[in-house]
Amino acid sequence: MRSVMIPLAGLLLLFLAPGGLCQGCAVSDKERPLVRDLQRKMIYSVDPKVPPNPSILIALRLAQDHNKRVEQDMLKKLSQDAVQRAAKSFSSGQVALHILAQRASCSNPRQVSANNSTINLVQLLEQKFKDELQNIVIHGNPLTNFYQLSLDVLALCQLNGRLSPARASVLLSPDQKKYYLSGQFSVDTAAVAILAQICLQTTGRPLPAKVTKKLRENVQWLVNKMLAEKKSDGVIGNIYSTGWAMQALSVSSRYLKPGAWSCPQTLRRVLEELPKDTFNNPMAASQILPSLENKTYLDVRRLTCSKDPDNLPLSTPQPTTPTSQPPTIRVTYTVFSDMNIIINNSINVTVPQGSVFFKVMEVAQATDPSKFSFTYTVTSWGPYITSVQGLQADNNQRTYWQLLSNGTSLNQGAGDYVVSQGERLEVRFSTY
Ligand code: B12
């Protein structure tokens with residue numbers, strides 16, 4: 001009797017595990033090489049000149065296959081960076097991601113040590129989260145955005161940090177200003193907010209009935225909004241928000257009407273993109289990988305490290321042979337603003353075929369710096385344009401430099417978007 005009971009109980013656990021195998025929405029063995037290629041791409045992307053990226057380690061930790069040396073090395077670099085810079089220069093969301101990366105590596109985020117110093121990242125996040133809430137009271141906006149506030153709640157929830165579920169449920173309640181960016185519903189933000197609130201509901205600590213009700217209403221609103229952004233091919237929002245959306249919907253089954261979402265359809269659509277260059281940006285790769293493994297950021301708190309296989313060998317990447325000079329293409333480039341100051345400058349630019357938007361901006365700047373000079377900061381997604389012709393984007397005013405092609409807003413940044421012959425490119429001073 002006992003020997004029958006144990007496997008049965010095991011099977012039952014498998015079915016009950018959130019994000020478990022029961023939904024049949026992970027890659028097949030045949031597709032596994034695509035996932036391993038994505039992992040290797042992320043590993044090779046590591047550039048010692050830019051700060052280490054916690055999202056990459058989280059994704060690698062949530063994967064089935066591992067390269068222990070690489071993961072340990074990343075953890076060490078992240079710890080060094082956290083000790084050196086977290087208190088002064090990390091945003092709240094960056095602290096949250098660092099906490100999750102430490103926890104996913106079975107290392108204690110309350111005691112991160114490097115170079116003879118130690119930092120308590122959970123305590124630091126509690127402080128940074130407080131500062132965010134205070135900025136909302138004073139300015140009506142958080143210091144960052146609701147995507148990061150949701151990451152904060154998610155990390156504090158998973159690490160049992162100081163956080164009032166009642167306040168979090170009010171913070172993440174339905175609101176245009178929180179979940180819309182540039183008039184567009186932000187699927188990414190909604191997805192992280194769902195994961196955060198599912199976490200609050202499933203900590204095992206009892207919640208007042210009023211709070212439970214509010215959290216449920218919030219999640220239901222977010223799930224419905226997100227489903228309204230589902231395209232007929234299974235993409236939710238755009239291809240870069242789809243990974244987050246898959247994570248959120250896969251832990252929200254009780255909020256979904258039968259047939260409202262087909263995970264396998266969305267997964268197939270994402271798999272189609274993998275052999276293309278769509279997820280070349282390591283940040284994009286890190287955000288899609290967990291859903292290929294049928295995992296979510298909520299699994300971070302469940303990860304144990306001792307039984308990980310060490311089965312992802314790295315081959316030395318082949319140096320790309322320099323090809324002969326590519327032909328050149330011509331594009332037009334416009335800098336436009338009808339707020340604060342009026343700007344409307346255009347230029348024709350010639351660049352090698354295969355160039356990215358950023359290259360066009362550089363050539364324009366070199367040709368006529370008085371009209372096309374620009375500044376940028378290096379972020380986890382690549383170069384973020386902060387000013388053009390001296391006009392600075394400002395978070396408190398909710399302004400930014402928007403990138404467009406032929407009048408349509410781009411879903412990639414200046415460092416990634418490859419331009420084509422005859423294209424009309426534009427940077428436009430906008431509000432979000
Ligand atoms: C909030 C947000 C914005 C805000 C940023 C300002 C603010 N208030 O925080 C606004 C609305 C201004 C914005 C602008 C853009 N964004 Co945006 N943004 C986000 C979002 C929802 C969260 C970013 C975040 O806070 N991350 C957490 C923190 C901890 O990480 P971080 O790296 O420190 O965050 C900073 C950078 O990410 C930077 N940032 C924000 N967006 C982008 C986009 C690019 C390409 C770069 C290089 C940097 C960057 O701002 C963050 C805050 O300082 C992400 C969603 C996601 N899935 O990541 C999309 C996202 C990163 N954005 C995206 C895009 C495409 C853009 C734009 C290029 C859109 C456009 N057509 O102009 C512009 C950037 C143009 C420029 N000036 O260089 C895409 C990137 C996809 C890709 N493959 O590159 C994402 C993934 C959304 C999506 N699903 O399409 N964004």
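Arginine 85 is partly exposed, at 30% relative accessibility; partly exposed lies between buried, under 20% relative accessible area, and exposed, over 50% (1.4 Å probe, protein chains only). Its salt-bridge partner is aspartate 81, with the closest N and O atoms 2.7 Å apart. The model is predicted: local features need pLDDT of at least 70, side-chain atom pairs count only at pLDDT 80 or more, and totals for chains, interfaces and linings use all residues. Residues are numbered from 1 along each chain as its sequence is written, and side-chain values use heavy atoms, with hydrogens and water left out.

**Confidence**

- The protein chain has a mean pLDDT of 93, and 94% of its residues reach 70 or more; pLDDT is the predictor's confidence in each residue, from 0 to 100.
- Residues 1-23 have pLDDT below 50, and this stretch makes 9 contacts in the model beyond near neighbours in sequence. A contact means heavy atoms within 4.5 Å.
- Where pLDDT is low, predicted coordinates should not be read in detail.

**Salt bridges**

- The structure contains 18 salt bridges, each defined as a side-chain nitrogen of Lys or Arg within 4 Å of a carboxyl oxygen of Asp or Glu.
- Aspartate 81 and arginine 85 are both in helix α4 (residues 68-89), 4 residues apart, or about one turn of the helix. Helices (H or I, at least four residues) and strands (E, at least two) are DSSP runs, numbered from the N terminus.
- Aspartate 81 counts as buried, at 8% relative accessibility.
- Aspartate 233 and arginine 269 form a salt bridge through their side chains, at 2.9 Å from N to O. Aspartate 233 is in the loop between α11 (209-228) and α12 (239-250), and arginine 269 is in helix α13 (residues 263-273), so this pair ties together parts 36 residues apart in sequence.
- In that pair, aspartate 233 is partly exposed at 33% relative accessibility, whereas arginine 269 is buried at 17%.
- Lysine 371 and aspartate 368 also meet in a salt bridge, at 4.0 Å from N to O. Lysine 371 is partly exposed at 35% relative accessibility, and aspartate 368 is partly exposed at 21%.

**Nonpolar cores**

- The largest nonpolar core has 100 residues, of which Leu121, Met226, Phe279 and Leu292 touch the most other members. Such a core is a set of buried Ala, Val, Leu, Ile, Met, Phe, Trp, Tyr and Cys residues joined through side-chain atoms within 4.5 Å.
- Helix α10 (residues 187-201) supplies the largest share of this core, 11 residues.
- A second, separate core has 28 residues, including Ile329, Met361, Ala364 and Ala393.
- Leaving out residues up to four places away in sequence, leucine 121 touches Ala82, Ala86, Val95, His98, Ile99, Gln102, Pro109, Arg110 and Val112.
- In soluble globular proteins, nonpolar side chains tend to be buried together.

**A buried serine**

- Serine 241 is in helix α12 and counts as buried at 2% relative accessibility.
- Apart from residues up to four places away in sequence, serine 241 touches Val187, Asp188 and Ile236.

**Surface patch**

- Val50, Tyr376 and Val378 make up a nonpolar surface patch with about 260 Å² of accessible area together. Patches consist of residues with over 30% relative accessible area and no salt bridge, with like charges joined within 9 Å and nonpolar side chains (Val, Leu, Ile, Met, Phe, Trp, Tyr) within 5 Å. Accessible areas come from the Shrake-Rupley method with a 1.4 Å probe; for residues, only the protein chains shown count as cover.
- Valine 378 lies in strand β7 (residues 374-379) and is exposed, with a relative accessible area of 56%.
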